[in-house]
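Welcome, and please have the sequence and the 3D view open side by side.

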Amino acid sequence: QVQLEESGGGLVQAGGSLRLSCAASGRTFSNYHMGWFRQAPGKERELLAAITWSEGNTYYADSVKGRFTISRDNAKNTVYLQMNNLKPEDTADYYCASKTKFQSSYNYWGQGTQVTVSS
């Protein structure tokens with residue numbers, strides 16, 4: 001059973017930075033993709049960034065490209081989302097998710113961590 005636990009959310013002023021962490025356990029993740037999503041009130045869930053666990057290949061949504069960086073630490077089984085130059089519109093609940101490289105959709109989710117960016 002895959003378990004994902006996010007941490008690192010909080011309140012930050014516009015222009016500031018936060019680093020989210022996602023600790024993964026329960027499997028060997030070499031064949032997994034890890035993703036960071038967010039969902040703001042009244043909006044659909046949005047995939048922000050993804051990374052392949054073994055190769056480290058990355059994907060970024062246009063909305064965060066150049067400001068957010070996804071990375072992983074294989075030894076710690078942890079995926080990070082470094083968020084810089086945060087904007088009030090980045091305010092949302094942020095979720096870590098995983099899927100195998102053979103699956104089309106993410107099927108393991110963390111409980112989420114809240115990020116609030118004040119103007």
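What follows is a short tour of a predicted model, grouped by topic.

**A buried aspartate**

- Start with Asp90, which is found in the loop that runs between strand S8 (78-83) and strand S9 (92-100).
- Is Asp90 buried or exposed? Its relative accessible area is 1%, and since buried means under 20%, Asp90 counts as buried.
- The side chain of Asp90 makes a polar contact of 2.8 Å with the side chain of Arg38.
- That aspartate side chain also reaches a backbone atom, the nitrogen of Lys87, at 2.7 Å.
- Setting aside neighbours within four places in sequence, Asp90 is in contact with Arg38, Arg67, Phe68, Asn85, Val115 and Val117.

**The nonpolar cores**

- The largest nonpolar core is made up of 31 residues, and Met34, Leu81, Met83 and Tyr94 have the most contacts inside it.
- Which strands each supply at least two residues of this core? They are strand S3 (18-25), strand S4 (32-39), strand S5 (46-52), strand S7 (68-73), S8, S9 and strand S11 (113-118).
- S3 gives the largest share of this core, with four residues.
- Take Met83 as an example: beyond its neighbours within four places in sequence, Met83 is in contact with Gly16, Ser17, Leu18, Leu20, Arg67, Phe68, Tyr94 and Val115.
- There is also a second, separate core of five residues, among them Phe37, Ala50, Tyr95 and Ala97.

- S7 and S8 pair in the antiparallel sense, over six bridges.
- To find your way along this pair, look for Thr69, which stands opposite Gln82 in S8.
- The hairpin has four residues between its strands, and Asn77 takes a positive phi near 50° there.

**A partly exposed glutamine**

- Next, find Gln103, which is in the loop between S9 and strand S10 (108-109).
- Gln103 has a relative accessibility of 30%, so it counts as partly exposed.
- The side chain of Gln103 reaches the backbone nitrogen of Thr100 at 2.9 Å.
- Gln103 and Asn107 are joined by a polar contact of 3.4 Å between their side chains.
- How far is the C-alpha atom of Gln103 from that of Tyr60? The separation is 19 Å, for two residues that are 43 residues apart along the chain.

Methods: Residues are numbered from 1 along each chain as its sequence is written. This is a predicted model: local features need pLDDT of at least 70, side-chain atom pairs count only at pLDDT 80 or more; totals for chains, interfaces and linings use all residues. Side-chain values use heavy atoms; hydrogens and water are left out. Buried means under 20% relative accessible area, exposed over 50%, partly exposed in between (1.4 Å probe, protein chains only). A polar contact is a pair of N or O atoms within 3.5 Å; within protein, one must be able to donate a hydrogen and the other to accept it, and residues adjacent in sequence count only if both atoms are side-chain atoms. Contact means heavy atoms within 4.5 Å. A nonpolar core is a set of buried Ala, Val, Leu, Ile, Met, Phe, Trp, Tyr and Cys residues joined through side-chain atoms within 4.5 Å. Two strands pair if DSSP finds at least two bridges between them.
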